[in-house]
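This report goes through one protein model, part by part. Please keep the sequence and the 3D view at hand while reading.

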Amino acid sequence: MALQADYEHDVGHPAPWFRHEGPWTLDEVLALPEDLSQRVELVDGALIVSRLGNLPHQSLVGDVYFGLRTACPPDYKVLPGFNLGLSPSRMLIPDFGVVVRGRTGLVLPVEDLILAGEVLLPSTRQQDLTLKRDLYAAGGVPFYLLIDPAEGEPVATVLELEEGKYVETARSEGGFLKLERPFPVTIALSP
């Protein structure tokens, strides 16, 4: 199947990336028409386009979001997928995150992110385990929470930034993730 310049998205707008020349900028990505069926991230001028997760993925994202939100201290706020600015040529969209309360706008600066969270999908697994892990670490994000639903019962792993690299500091057991940092919480991980 050949791609054509006049390709139409199923949501009714032309796919502008088929006509773009050269590296993308953050301003160009933010000017794209909103498309709730996919995520468009930016890494060093290149677009990373991925679909939203399936229903079990979205359910797990919701469970973790809710668990974090119910225990969140007043200085922080828990957000579902949002634009995270790492640099003028890098923007990621974590599945959920814990941020410093008070910021407004379209793009959250990385220095306001306390915890980035990703639920692995077959299509984004390597990206979440390598590229995003490296970019969050380079951005100084203190905590990275990875949830792997592929092992039957979901397994959550918490990585904490130590000397510029992530090290595992917590892992779920029996379908529950218990954290003391960045704040105390126990989260039920439904399959």
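## Helix α3

Helix α3 covers residues 125-138, and its 14 residues should span 20 Å at 1.5 Å a residue; the end C-alpha atoms lie 19 Å apart, which agrees. The expected span is 1.5 Å times one less than the number of residues. Helices here are DSSP runs of H or I with at least four residues, strands are runs of E with at least two, and both are numbered from the N terminus.

At Lys-132, α3 bends by about 35°, the bend being the angle between axes fitted to the seven residues ending at a residue and the seven starting there. The buried residues of α3 are Gln-127, Asp-128, Lys-132, Leu-135, Tyr-136 and Ala-137. Buried means under 20% relative accessible area, exposed over 50%, and partly exposed in between, with a 1.4 Å probe and protein chains only. After α3 comes Gly-140, with a positive phi near 80°.

## Basis of the model

This is a predicted model, in which local features need pLDDT of at least 70 and side-chain atom pairs count only at pLDDT 80 or more, while totals for chains, interfaces and linings use all residues. Residues are numbered from 1 along each chain as its sequence is written, and side-chain values use heavy atoms, with hydrogens and water left out.

## Strands and sheet

Five strands form an open sheet with mixed pairing, in the order β2-β1-β5-β4-β7. Its edge strands, β2 (46-51) and β7 (108-109), each pair on one side only. Two strands pair if DSSP finds at least two bridges between them. Strand β1 (residues 38-43) runs antiparallel to β2 and is joined to it by six bridges; Leu-42 stands opposite Leu-47 in β2.

Six bridges also join β10 (residues 155-162) to β11 (residues 165-171), again antiparallel. Leu-161 has Tyr-166 of β11 as its bridge partner. Two residues lie between the strands of this hairpin, where Glu-163 takes a positive phi near 55°.

## Nonpolar cores

A nonpolar core is a set of buried Ala, Val, Leu, Ile, Met, Phe, Trp, Tyr and Cys residues joined through side-chain atoms within 4.5 Å. The largest has 24 residues, of which Val-64, Leu-68, Phe-96, Leu-145 and Ile-147 touch the most other members. Elements giving two or more residues to this core include α2 (55-71), β6 (96-100) and β8 (113-119). The largest share, five residues, comes from α2.

Beyond its neighbours within four places in sequence, Leu-68 is in contact (heavy atoms within 4.5 Å) with Val-78, Phe-96, Val-98, Leu-115, Phe-183, Val-185 and Ile-187. A second, separate core has 20 residues, among them Ile-48, Phe-82, Leu-113 and Ala-116.
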